[in-house]
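Please keep the model open while reading.

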Amino acid sequence: VAAVGICIFMATDVIGVPYVGLVLWAAGLAMGFTMAVSAMGDDPSRAPARINMLISIVYLANVSVGSVIGAAGQVVGVYTAMGVPVLLLIVAMAAAKSVDPPREPQPETN
């Protein structure tokens with residue numbers, strides 16, 4: 001959802017439509033953060049440390065990523081710089097299945 005929102009925001013020149021992209025972008029990031037907190041809280045004994053690490057990474061990203069994208073935008077252009085988060089989101093989406101916990105085999109019923 002966030003990647004689609006970023007693409008809509010980047011690819012439109014129609015007034016009003018970039019706001020749709022911004023809403024999708026924000027909704028995708030908000031859903032991703034809450035799902036990550038939920039996934040890290042699955043093991044009660046390790047949940048506090050995991051959630052603390054996630055919050056630290058998110059805080060660091062909030063402080064630094066805007067400046068990094070702005071600097072990259074000055075060098076290679078804003079559209080190219082905004083393409084990097086889209087690519088990272090697509091890679092994360094592709095890799096998400098690999099961290100899925102193994103499932104128990106289901107008994108066959110006839």
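Met 35 counts as exposed because its relative accessibility is 57% (buried means under 20% relative accessible area, exposed over 50%, partly exposed in between, with a 1.4 Å probe and protein chains only). This is a predicted model, where local features need pLDDT of at least 70, side-chain atom pairs count only at pLDDT 80 or more, and totals for chains, interfaces and linings use all residues. Residues are numbered from 1 along each chain as its sequence is written, and side-chain values use heavy atoms, with hydrogens and water left out.

**Surface positions**

- Met 35 sits in helix α2 (helices are DSSP runs of H or I with at least four residues, strands are runs of E with at least two, and numbering starts at the N terminus).
- Together, Val 1, Met 31 and Met 35 make a nonpolar surface patch of about 310 Å².
- Patch members have over 30% relative accessible area and no salt bridge; like charges are joined within 9 Å, nonpolar side chains (Val, Leu, Ile, Met, Phe, Trp, Tyr) within 5 Å.
- Accessible areas come from the Shrake-Rupley method with a 1.4 Å probe, and for residues only the protein chains shown count as cover.
- Helix α4 holds Met 93, which is exposed at 63% relative accessibility.
- Val 65 belongs to helix α3 and is partly exposed, at 38% relative accessibility.

**Largest pocket**

- The volume of the largest pocket is about 1400 Å³.
- A pocket is an open set of points on a 1 Å grid over the protein atoms alone, where a 1.4 Å probe fits, with protein on both sides within 12 Å along at least five of seven lines; lining residues have an atom within 4 Å of a point.
- Grid points are joined across faces, edges and corners, and a volume is the space filled by probe spheres set on the points.
- Its lining has 37 residues, with Ala 2, Gly 28, Leu 29, Pro 85 and Leu 89 nearest the centre.
- Two or more lining residues come from each of α1 (2-11), α2 (17-40), α3 (47-76) and α4 (78-95).
- The lining has 33 nonpolar, four polar and no charged residues (Ala, Val, Leu, Ile, Met, Phe, Trp, Tyr, Cys and Pro count as nonpolar, Asp, Glu, Lys and Arg as charged, the others, Gly among them, as polar).

**Second largest pocket**

- The second largest pocket holds about 250 Å³.
- Its lining includes Ala 36, Met 40, Asp 42, Val 99 and Asp 100.
- By class, six lining residues are nonpolar, none polar and two charged.

**Salt bridge**

- The count is one salt bridge (a side-chain nitrogen of Lys or Arg within 4 Å of a carboxyl oxygen of Asp or Glu).
- Arg 46 pairs with Asp 43, with 3.7 Å between the closest N and O atoms.
- Arg 46 is partly exposed at 46%, and Asp 43 is partly exposed at 27%.
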